Amino acid sequence: MGILKDAVSLLLPPVCSVCGKLADTSDRMKMKLPGDLVLCFDCLSRMVPEDKDRRWLLCLSNPYIGDPIPSMPLYMPFRYEGFFKDAIASVKFKKDRDLAVFLGSVLGKLAQEDNITGDIIVPIPLSHERQKQRGFNQALIIAQEMSKKLHIPVAKDILIRTRDTLRQSELKMDESRASNMKDAFAVAPDWDISGSRILIVDDVVTTGHTLHEAGEVLTRAGALSVAGIVLCGNRYVKNDDPF
Ligand SMILES: [Zn+2]
């Protein structure tokens, strides 16, 4: 089957993994794309990061009373629109693992340029059901690629999902999204994270409640600092006091 697949791919012109248009293979060679990933020139040129002073935001726009980490920072270098909206859909629904690897390396490179530091990288875990459907956790893949660039280890089993939550996108009200995440995570008992500076990684941020809940749980378990690191999102609130 492998030989047949190779023979077929020699006959067919390469199409972009994100938009499906014909792609020039020389773009692929230049970018050293992982696995079978193909990206066309148009898609590559749509990957424009936010200006440096707009990449740090507040994780929650409206911290609630008693919030133990009201100034939790969020690093978000791209907007969830255009290329990134299409690319995230390809990762999630076409199960494109190579694309997740590529997106992780892009985020890692920017994080490196922006001198992001920490002691441990912790990906947001997927529910068992979704991991089974997709076959991989894109947040973990992104975290692993960031780890290669930043030389910070990934600890994929520190955060545990204690119960499956509804998809955040299925919930309308901001408040119900917050309560949907309450007690969604726990810290694995065999980890001692006291005094650690933790980078919590996810692919997309919407309200920030998922990352914030993870940050709260890690802070309660002794983390010195927590910061959310995501590829893209739709947030606008700027954080004047970067991490
Ligand atoms: Zn394309």
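User: Is Asp98 buried, exposed or partly exposed?

Analyst: Asp98 is partly exposed, because 17 other C-beta atoms lie within 10 Å. A residue is buried if 20 or more other C-beta atoms lie within 10 Å of its own, exposed if 12 or fewer, and partly exposed in between, with C-beta atoms placed from the backbone. Please note that this is a predicted model: local features need pLDDT of at least 70, side-chain atom pairs count only at pLDDT 80 or more, and totals for chains, interfaces and linings use all residues. Residues are numbered from 1 along each chain as its sequence is written.

User: Which element is Asp98 found in, and what is it in contact with?

Analyst: Asp98 is found in helix 5; helices (H or I, at least four residues) and strands (E, at least two) are DSSP runs, numbered from the N terminus. Leaving aside neighbours within four places in sequence, Asp98 is in contact with Pro34, Gly35, Asp36 and Leu37. Two residues are in contact if their C-beta atoms, placed from the backbone, lie within 7 Å.

User: How far is Asp98 from Ile141 in space?

Analyst: Their C-alpha atoms are 9.4 Å apart, although the two residues are 43 apart in sequence.

User: Back to helix 5. How many of its residues are buried?

Analyst: Twelve of its 17 residues are buried, so helix 5 is largely enclosed by the rest of the structure. Among them are Leu99, Phe102, Leu103 and Leu110. The cover over the buried residues includes strand 2 (73–75), helix 4, helix 7 and strand 8. Just after helix 5, Asn115 has a positive phi of about 55°.

User: What span should helix 5 have?

Analyst: At 1.5 Å a residue, its 17 residues should span 24 Å, and the end C-alpha atoms are 25 Å apart, which agrees. The expected span of a helix is 1.5 Å times one less than its number of residues.

User: Which residues have the most contacts inside the largest nonpolar core?

Analyst: They are Ile142, Ile200 and Val201, in a core of 66 residues. Helix 5 (residues 97–113) gives the most to this core, with nine residues. Domain 1 (1–45) and domain 2 (48–233) both give residues to the core, so it lies between them. A nonpolar core is a set of buried Ala, Val, Leu, Ile, Met, Phe, Trp, Tyr and Cys residues joined through C-beta atoms within 7 Å, and the domain bounds come from an automatic or database domain assignment.

User: What does Ile200 touch?

Analyst: Apart from its neighbours within four places in sequence, Ile200 is in contact with residues including Val122, Ile124, Leu211 and Ile229.

User: And helix 7, what do its buried residues pack against?

Analyst: They pack against helix 4 (82–93), helix 5, strand 4 (120–123), strand 7 (197–205) and strand 8 (225–233). Ile141, Ile142 and Met146 are among the buried residues of helix 7. His151 follows helix 7 and has a positive phi near 55°.

User: Changing topic: in which sense do strand 7 and strand 8 pair?

Analyst: Strand 7 and strand 8 pair in the parallel sense over eight bridges; two strands pair if DSSP finds at least two bridges between them. The chain crosses from strand 7 through helix 9 (residues 209–220) to strand 8, and this β-α-β crossover is right-handed. That term applies if, with the strands pointing away from the viewer, the path from the first strand over the helix to the second runs clockwise. Strand 4 and strand 7 also pair in the parallel sense, over four bridges.

User: How many residues of helix 9 are buried?

Analyst: Ten of its twelve residues are buried, so helix 9 is largely enclosed by the rest of the structure. Gly222 follows helix 9, with a positive phi near 110°.

User: Lastly, how many helices and strands has the chain?

Analyst: The chain has nine helices and eight strands. Of its 243 residues, 41% count as buried.
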